[in-house]
Amino acid sequence: MAASTCVAAGLFAATALPALAQEETPKLDTGDTAWMLVSMVIVLMMAVPGLALFYGGMVRKKNILSVCMAVFATVCLMSVLWLVAGYSLAFTDGGAYNSYIGGLDKMMFAGIGKDSLTGTIPELVFATFQMTFAAITPALIIGSVVDRMKFSSLLVFMSLWLFLVYVPVCHWVWGGGFLAGDGVLDFAGGTVVHINAGVAGLVACLVLGRRKGFGTESMAPSNLVFTMIGAALLWVGWYGFNAGSALGANSTAGVAMSATQVATAAAALAWMFSEWLVHGKPTMLGIASGAIAGLVAITPACGFVDVKGALLIGAASGVGCYIMSTGVKKALGYDDSLDVFGVHGVGGIIGAILTGVFAVEAIGGTAGLLEGNYAQVGIQLYGILATIAWCAVATFGILMLLKYTMGIRVSEATEVEGLDVALHGESLQ
């Protein structure tokens, strides 16, 4: 069986493989396939329009279209590159180098026929489902560089980042690489998606520098209704992200779905009450940001924990991401414009660690600290550190290459005028 038919998401690698091994000839399940088709569609909805609106509403009016354009174009470009070689490098056997990267056997989806299966679903469905993950992860980084990065440089950066950062880490965790072999748990993308994107966003904003007027001019969100709608679309689509990673309409998908709902609600409330306590008023931006923090944190854990664990993970991420995105960021003075690191990076780290604490063996096949498996927390930390190290170094290298070749930042005049008109010849009336 090809590597891509043996490995999928975190839980699939942890629990479904033994079941598949008992079946000599996997059979198509129409219910599983229907659920995965729906999951793929709603994960795509997370990016466009969800992420585009969520980010677009948080920037000034003169830059809304540039942000939406960046997200839309990134999703399109990553989808094509995933077809060309991304899927093959992430989910096939890399031979002697398989611990770190896959092979090129399935470039352009070569050898994936109409009847090819991954478990009980068509491999084309699995590959396209994973395509949406590969599309939204780089798009998350855009929130750190809004208002000041050249569009042409952004597209080149995203292309290089997909192959040098996302694809290797995806293979390490879900494609049979060394992190999977070492027991790192990541059901739907805490390390692969969120820590990866969060760390890349932090590195990118530091290399680009602060926005002109940062700290002296008002950079308040221009349309929080857009942001609220975007957050709601992300929340709905996240069920495809998390429950879809069960790769079937099964009880594990139900566990992931309930954990996602509980953690998200808990995190939204935790952020809201923290903000209310500190500043005296709860805000729409705050509760929406808290919801995203909860979604991020439960992503690695959703197929491994029960609802009690999900509740605590959500509460911890709501408070932790609030502190990082407000107090710590302000104290350190860096301009992570839309808090990609504060929400995705920190939320992903919190969720990955707490997966090792709250994992329930009866649910996901691996016990956590509370069930006596103290080593799992250390294994989770190991996965986090490996991801951070590779992502930070590779992202910095890509940005330095672009900075000293094509440049990465728009001119001061363009920044003042706004990227909508200067880069795209359009404006929001």
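Trainee: Let's start with Asn196. Which helix does Asn196 lie in?

Mentor: Asn196 lies in helix H7. Helices here are DSSP runs of H or I with at least four residues, strands are E runs of at least two, and both are numbered from the N terminus. Bear in mind that this is a predicted model, where local features need pLDDT of at least 70, side-chain atom pairs count only at pLDDT 80 or more, and totals for chains, interfaces and linings use all residues. Residues are numbered from 1 along each chain as its sequence is written, and side-chain values use heavy atoms, with hydrogens and water left out.

Trainee: Is Asn196 buried or exposed?

Mentor: Buried means under 20% relative accessible area, exposed means over 50%, and partly exposed is in between (1.4 Å probe, protein chains only). Asn196 has a relative accessible area of 0%, so it is buried.

Trainee: What does the side chain of Asn196 reach?

Mentor: A polar contact is a pair of N or O atoms within 3.5 Å; within protein, one must be able to donate a hydrogen and the other to accept it, and residues adjacent in sequence count only if both atoms are side-chain atoms. The side chain of Asn196 reaches the backbone oxygen of Val192 at 3.0 Å. For contacts in general, the rule is heavy atoms within 4.5 Å. Leaving out residues up to four places away in sequence, Asn196 touches Trp161, Val165, Tyr166, Val169, Thr191, Thr387 and Cys391.

Trainee: Let's turn to Phe129. Where is Phe129 placed, and what does Phe129 touch?

Mentor: Phe129 sits in helix H4, and with a relative accessible area of 0% it is buried.

Mentor: Begin with its span, where the expected value is 1.5 Å times one less than the number of residues. H4 has 23 residues and reaches 35 Å from its first C-alpha to its last, close to the 33 Å expected at 1.5 Å a residue. Because 21 of the 23 residues of H4 are buried, the helix is largely enclosed by the rest of the structure. Just after H4, Asp147 takes a positive phi of about 80 degrees.

Trainee: Which other residues have a positive phi?

Mentor: Phe109 and Leu247 are among them. Phi of Phe109 is near 60 degrees, and this residue is in the loop between H3 and strand S1 (117-118). Leu247 has a positive phi of about 60 degrees and belongs to the loop between H8 and H9. Phe109 counts as buried at 13% relative accessibility, as does Leu247 at 6%.

Trainee: What caps the N-terminal end of H10?

Mentor: Thr283 does, with a side-chain oxygen 2.9 Å from the backbone nitrogen of Gly286. H10 covers residues 284-298, and 12 of its 15 residues are buried, so it is largely enclosed by the rest of the structure. Those buried residues pack against helix H2 (30-56), H7, H8, helix H9 (251-279), helix H11 (307-332) and helix H12 (340-358).

Trainee: How do I find the empty space?

Mentor: Rolling a probe the size of a water molecule over the atoms shows where empty space is left. On a 1 Å grid over the protein atoms alone, a cavity is a set of points where a 1.4 Å probe fits but cannot get out; a pocket is an open set with protein on both sides within 12 Å along at least five of seven lines, and lining residues have an atom within 4 Å of a point. Grid points are joined across faces, edges and corners, and a volume is the space filled by probe spheres set on the points.

Trainee: How many cavities of 30 Å³ or more are there?

Mentor: The count comes to 2. The largest cavity holds about 120 Å³ of space and is lined by 15 residues, with Ser66, Ala70, Met149, Leu154 and Leu419 nearest its centre. The second largest cavity has a volume of about 30 Å³, and H8 gives the most to its lining, with 3 residues.

Trainee: What about the largest pocket?

Mentor: About 940 Å³ of space lies in the largest pocket. Its lining has 34 residues, of which Leu285, Ser325, Lys329, Ser337 and Asp339 lie nearest the centre. H11 supplies the largest share of that lining, 5 residues.
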